[in-house]
Amino acid sequence: MKKKIIFVSHNIYGFECLKSLYKKIKNSEYIISNVITRKKTSFLTDQCFEFESFCNENKIDYLEISNIKNKESIDFFQKNNSHLILVLGWTQILPNEILKTSKITLGSHPSLLPHNIGNGVIPWHIINNEKIGGYSLFELKEEVD
């Protein structure tokens with residue numbers, strides 16, 4: 001049986017990562033079982049709308065949500081236990097109830113943490129004329145900052 005990955009993202013960065021990951025794991029012990037993205041909103045200026053068609057083309061279950069912390073979202077994760085939850089480009093902290101549904105949950109942030117936490121990291125990096133930047137990939141745990 002293949003190990004399930006639930007992929008969570010809403011932006012073009014996440015979409016490009018999804019396409020790359022899909023190609024890399026195509027003939028492996030892993031499968032992207034679900035993709036979760038945000039319902040269309042004016043709040044997110046970097047929202048990507050290509051996830052649904054990609055999922056349809058590749059027979060991946062697709063779900064749009066408005067809030068990853070609401071009961072509907074938590075119920076979804078609890079019904080769809082996975083080996084890995086991969087969160088790339090998301091603005092909400094996952095509740096502990098979701099973290100418990102996977103063997104491991106990885107998140108990302110476009111800075112070298114703990115420097116430049118929060119939203120709008122890349123514009124602030126440019127505005128502050130910072131010479132060094134980076135990207136953090138980390139395991140999400142219950143002990144959030």
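Student: Which residues on the other side of H3 are exposed?

Tutor: This is a predicted model, in which local features need pLDDT of at least 70 and side-chain atom pairs count only at pLDDT 80 or more, while totals for chains, interfaces and linings use all residues. Residues are numbered from 1 along each chain as its sequence is written, and side-chain values use heavy atoms, without hydrogens and water. Helix H3 spans residues 71-79, with Ser73, Ile74, Phe76 and Phe77 buried (under 20% relative accessible area, exposed being over 50%, with a 1.4 Å probe and protein chains only). On the other side of H3, the exposed residues are Lys71 and Lys79.

Student: Within what arc do the buried residues of H3 fall?

Tutor: The buried residues of H3 are Ser73, Ile74, Phe76 and Phe77. They line one face of the helix, because seen down the axis of H3 they fall within an arc (of the directions from the helix axis to the C-beta atoms) of 155°.

Student: Against which elements do these buried residues pack?

Tutor: Packing rests on contact, meaning heavy atoms within 4.5 Å. By that criterion, the partners of the buried residues of H3 are strand S1 (3-8), S2, strand S3 (61-65), strand S4 (82-87) and helix H4 (96-99).

Student: Which element gives the largest share of the lining of the second largest pocket?

Tutor: Among the residues lining the second largest pocket are Tyr22, Tyr30 and Lys59 (lining residues have an atom within 4 Å of a point of the 1 Å grid). The elements that give two or more residues to this lining are H1 and strand S2 (30-38). The largest share, 4 residues, comes from S2.

Note on methods: On a 1 Å grid over the protein atoms alone, a cavity is a set of points where a 1.4 Å probe fits but cannot get out, and a pocket is an open set with protein on both sides within 12 Å along at least five of seven lines; lining residues have an atom within 4 Å of a point.
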